[in-house]
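Please keep the sequence and the model open while you read this note. The points are meant to be checked one by one.

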Amino acid sequence: MIDDQIERFLESLTKATASIQTPKFWPANPPQMDSYWCDIFAKNLINTKLIPAKLPNIDVLRNCLGNYLIIGLKVLCSEKMLTKEQSLLFLSRFFDAMKKKTNDDIFCSNLTNRIWSKEEVRKALRKIRFEEIDAKEVGYLHSILFAYCSSVCFDPYIAHGYYLHGPYDVREFFGESCLLVVREFYDFKEEVWSQKRMKRVITFSVYKNNSFKIDFWNHLTATQPLPSTLISFSTSNWDAFQRIEEYEQLTKEQVEIVKRMRQEEIIMKSAEINFSSFSKLFGKKKVAEMLRMVEGSVSKNKLKYWERFKTVDQDAKKLRIIFDPRKISFK
């Protein structure tokens with residue numbers, strides 16, 4: 001069972017990573033940051049009860065799995081702090097917990113991300129007001145909110161503030177060949193950056209005569225242009241359209257803040273961004289303790305990992321070795 005799950009995970013991970021068209025992430029590549037704390041995160045996670053209600057959403061769980069959780073487990077195994085059997089047993093529990101956070105395949109193997117059940121979709125659609133709206137306005141709002149989430153969560157970890165799910169068949173409400181895609185801008189990390197509180201924004205976009213694929217990294221691809229197939233739209237926060245300039249300014253200010261940070265500060269902030277998503281599970285006291293351990297790791301290792309991972313190899317064969325928990329070695 002676990003072997004089948006790992007193979008599906010590796011297949012989904014490598015295919016999704018191959019579609020990424022950037023050789024560099026902002027403000028740094030994932031291992032430039034999470035190499036300093038992946039083992040700290042993994043060690044603390046394996047000692048918790050994976051209570052679904054206290055876990056973050058499925059896309060955060062995928063994000064940590066495909067960035068640093070498995071790496072952290074392999075580091076613990078290589079340092080004899082964990083056996084391979086214990087690591088695989090924990091991953092089996094982690095996969096089981098992931099199943100409770102979605103109504104779809106946990107790795108997006110089907111290229112869908114249907115988190116809601118059919119009844120949950122019906123319930124949501126009965127509550128919200130849909131309108132015809134300029135598709136360009138919708139597209140621009142999405143792009144600005146995406147940029148803002150990227151600025152506060154960093155590119156590699158954007159799932160910790162934004163994700164999309166679907167597509168959902170909504171012919172019952174909108175007619176044949178209509179699909180719903182939901183985008184949730186749910187966490188602007190105000191506590192991490194000491195910002196003022198911002199309302200989360202959920203958008204509901206209905207498209208006609210289009211089809212979609214959503215991969216492991218929550219990337220959306222469509223067979224037709226989104227603007228020309230958008231027929232109806234709704235949002236949890238209609239004021240968001242009036243606040244676009246505010247989001248633009250906040251993004252600009254946030255990018256400047258990060259640009260002024262030293263490498264060590266970026267590493268520390270990356271840990272805080274990720275750990276904060278698990279604060280319900282760990283508790284704030286444990287998160288603070290973990291962050292102190294990260295400080296020790298940064299102090300000990302200096303910029304060793306930062307320099308080592310200035311470039312990352314996205315070759316599928318190498319990725320399969322690196323992220324295969326059944327292989328302790330990374331080579």
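Numbered points on strands, aromatic rings and helices follow.

1. Basis. This is a predicted model, in which local features need pLDDT of at least 70, side-chain atom pairs count only at pLDDT 80 or more, and totals for chains, interfaces and linings use all residues. Residues are numbered from 1 along each chain as its sequence is written, and side-chain values use heavy atoms, with hydrogens and water left out.

2. Strand E3. Start with E3, residues 201-208. Seven of its eight residues are buried (under 20% relative accessible area; exposed is over 50%, partly exposed in between; 1.4 Å probe, protein chains only). Strands (E, at least two residues) and helices (H or I, at least four) are DSSP runs, numbered from the N terminus.

3. Partners of E3. Strand E2 (residues 178-185) runs antiparallel to E3, and eight bridges join them. Strands pair if DSSP finds at least two bridges between them. Val 182 has Phe 204 in E3 as its bridge partner. E3 also pairs with strand E6 (residues 230-235), again in the antiparallel sense, over five bridges.

4. Aromatic pairs. How many aromatic pairs does the structure hold? The total is 30. Rings of Phe, Tyr and Trp (its six-membered ring) pair if their centres lie within 6.5 Å; planes under 30 degrees apart count as stacked, over 60 as edge-to-face and the rest as tilted. Phe 90 and Phe 94 form a tilted pair, 6.1 Å centre to centre with 35 degrees between the planes. Because they are four residues apart in helix H5 (residues 84-99), about one helical turn separates them. Phe 90 and Phe 94 are buried.

5. A second pair. Phe 233 and Phe 241 pair edge-to-face: 5.8 Å centre to centre, 75 degrees between the planes. Both are buried.

6. Cluster and charge. One aromatic cluster is formed by Trp 37, Phe 41, Tyr 68, Tyr 157, Phe 275, Phe 278 and Phe 282. Lys 269 lies over the face of Trp 193, at 4.8 Å from the ring centre. The criterion is NZ of Lys or CZ of Arg within 6 Å of the ring centre and within 35 degrees of the ring normal.

7. Helices H7 and H11. The axes of H7 (residues 135-153) and H11 (residues 244-259) come within 9 Å and cross at roughly 25 degrees. Axes are lines fitted to C-alpha atoms, for helices over the stretch in contact, and angles run from 0 to 180 degrees between N-to-C directions. H7 and H11 are therefore roughly parallel to each other (under 35 degrees; over 145 is roughly antiparallel, 65 to 115 roughly perpendicular, the rest oblique).
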